[in-house]
Amino acid sequence: MSDPLLRVEDLQTQYHTTRGTVHAVDGASFTVDRGEIVGILGESGSGKSVTARSICRLEDPGKIVDGAVTFDRTDLTTADESTLRRIRGSDISMVFQDPTETLNPVSSVGEQIAEAVRIHDTEERQRLLDYLGVPLFRNRSAWSDAHERAIELMDQMDIPNPESRSSAYPHEFSGGLRQRAVLAIALASEPSLLIADEPTTALDTTTQADILRRFRTLRDERDLGILLISHDIGVIAQTCDRVVVLYGGQVMESGPVETVLTEPAHPYTRALLSCSVRNSEPGERVRSADGSPPDPVGGHVACPFADRCQYATPTCREGRIPTTELDDGHRVACVEAPLDAPAESPHRRAPPMPDGGADRDSI
Amino acid sequence: MNGWKLARRVATMLVVLFGVSVLTYGLIFVTPGDPARTILTQQMGGQTPSQEAVEQFRVAKGLDDPFPVQYARWVENAVQGDLGQSYYSDQAVTAMIATRLPNTIALGVASMLVAVAIAVPAGIASAVEPGSQTDYAAQFGALVGVSMPNFWLGYLLIIVCSLWLDLFPVAGAGGLEYLVLPALTLGSGMAAVIARLVRTAMLDVLDDAYIRTARSKGLRERIVVYKHALRNALVPVVTIIGLQLSYVLNGAVVVEVVFQRPGLGTLLVDAIFARDYPVVQGVTLLIGVIFVVTNFAVDLTYSRLDPRIDFGGEPT
């Protein structure tokens, strides 16, 4: 199969605010294939989450003004609501940031998983009274099958005592268990693409490692394509095959993780890496990038990073920066790229390395 | 829910009821005018009653005892289901209430149903598309509903629906047809308040992350709204419905007068004008009890609506 599972081309999503039009995603392009984990890396406000939601067409109140999102040969930007619902229910699943908030607090965990199972099962219309559980209208056998399947899914996610836990409410679960329940919901439909928006940000390190390990297992065992959105270089480094660095809604650099994170060609990627705690000497102050993320109102006519970039030249401010391919799959949007080797800091000898959650002990 | 909390809650309720009964009973002693003189004057066709007659009346009705004694006697009897006799008809107050109560309950329940049936769909329609024409129409309707006085809406409905269109009886009580206009009158004002609250609560909830999760599962929007959002928005709504009960009971006074319905409202108004204190006390106490008990029931529903809330509205 030559087509990738998901192809995002020149995606532009905008919001209208009283201050003006926010160009949250400003011409981003990337692909995700089956059996690979693609990371989207960026600071807050770089357009990561809006990109994720735009793919599923949950960008409301924003609007996709241009570009295409092709999933399995269907263009989602032009698909109608019922097609989208079918795809969301069965082919693309999403996992969002904080599992405390992404599960409905008044519905049992089992019921929420069972719902996802039933959506996938039934081609017929979803009936309101059936889903509300109004006695005469509830399809008892379908729901009890779905609940059984839910327990199975909880078991697969290693949630202890799934039979008794399925009738528990989200607030009775710990953070890690909740995120596993969220994963169970996402996997109930046996999707081919999983979009995870900061799935581990709200979790502690141990739980984070567990969830990320599950992503890798899913990729290897189910040939799942995963789009992992994170601001954490460490998470991206230990999980992803490829990475897309997003800034100001535009792709700054993309390519295989090891290339991008060890030989960053874009000044922004370099700046991000140098802020990593791992790259500071003991006792040295953790660096932070100068300046703040660009104001997305009105969009950018030139490189969005130009104002914070030490290499910026007048050319950088004159228009769209063309994307160049350095070597296989490694693309960068910078007129100065490839940069010279970074100026040696007197404190640092080793090349910059990302933080890593899993291999922390080796530090 | 645990038994200790329930007991504590019941104890609080009893304290409130004690306060209600003291205030209800004590009210007579702070209002100007001596009931003995007022009533005897009326019974004697406007003549000033003799001092002996007044004394005799006071002794007969136990009005010569000090307040605590009178109060204790009243409570003792009330607990046994005896609220005394009307000064005028010598009819038992409980019997008078018993004949009127069903009409008022019917009115209250019907107007609540009208209110909820209008308010919940209207509030949801507003919240689903804020800023749309539906939203503006619903909000405008709510504003009109809140601003319109009950008696005026009542007369308006009588003129249009009864006199012009001849759809419903003008006044009185009886079958369902007598209930329609009073229930609409009383229900529309409540509907307005509830609809605004449903809108606010739903707007709040629809922004929550689990709504996005529900949509990302591929659920139909209708199920997202009615199953996932509505239930989360219900706690404040149910609270306000419980509190609106005082509005129902107050409104019943006006609406029952407008529609000439025999009910607690008309009974209370007549008794107040006639200084028929046993009746005033009995009805007021009953209204207090209904109010306290209903809000207790509302508290009980919280933990059913939202499993995170332990009994009594305290989060676990």
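Start by selecting residues 177–198 of chain B: this stretch is 86% helix and 0% strand, with its end C-alpha atoms 29 Å apart. Helices here are DSSP runs of H or I with at least four residues, strands are runs of E with at least two, and both are numbered from the N terminus.

Before you go on, a word on what is on screen. This is a predicted model, in which local features need pLDDT of at least 70 and side-chain atom pairs count only at pLDDT 80 or more, while totals for chains, interfaces and linings use all residues. Residues are numbered from 1 along each chain as its sequence is written, and chains are lettered from A and ligands numbered from 1 in the order in which they are written.

**Stop 1: annotated spans of chain B**

The stretch you selected is one of those that an unreviewed UniProt entry annotates as "transmembrane region"; residues 233–259 of chain B are also among them. UniProt positions follow the numbering used here, feature names are shortened, and annotations may be inferred rather than shown by experiment. Select residues 233–259 of chain B next: the span is 96% helix and 0% strand, and its end C-alpha atoms are 35 Å apart. Now widen the selection to residues 101–302 of chain B, listed in the unreviewed UniProt entry as "domain: ABC transmembrane type-1". That span is 83% helix and 0% strand, and its end C-alpha atoms lie 28 Å apart.

**Stop 2: two domains in chain B**

Colour domain 1 (20–80) and domain 2 (107–313) of chain B separately; such bounds come from an automatic or database domain assignment. Their C-alpha centres lie 38 Å apart. Where they touch, domain 1 of chain B gives 10 residues and domain 2 of chain B gives 6. Contact means that the C-beta atoms of two residues, placed from the backbone, lie within 7 Å. On the domain 1 side, α1 (3–30) and α2 (35–43) of chain B each give two or more residues, and α1(B) gives the most, with 5. That side has 6 nonpolar, 4 polar and no charged residues. Here Ala, Val, Leu, Ile, Met, Phe, Trp, Tyr, Cys and Pro count as nonpolar, Asp, Glu, Lys and Arg as charged, and the others, Gly among them, as polar.

**Stop 3: where the chains meet**

Show both chains. Chain B brings 23 residues to the contact and chain A brings 26. On the chain B side, look for α9 (209–216) and α10 (221–258), which each supply at least two residues. This side of chain B holds 8 nonpolar, 5 polar and 10 charged residues.

**Stop 4: a sheet in chain A**

Move to chain A and find the open, antiparallel sheet of 4 strands in the order β2-β1-β4-β5. Two strands pair if DSSP finds at least two bridges between them. Its edge strands are β2 and β5 (74–75), each pairing on one side only. Select β1 (residues 6–17) and β2 (residues 20–32) of chain A, joined by 10 bridges in a hairpin with 2 residues between the strands. Look for A:Gln14 opposite A:His23. On to β4 (residues 63–71) of chain A, which 7 bridges join to β1(A); there A:Leu6 stands opposite A:Phe71.

**Last stop: A:Gly298**

Select A:Gly298, in the loop between α12 (267–274) and β11 (324–327) of chain A. Its C-alpha atom is separated by 6.4 Å from that of A:His23, 275 residues apart along the chain. Beyond neighbours within four places in sequence, A:Gly298 is in contact with A:Gly20 and A:Thr21.
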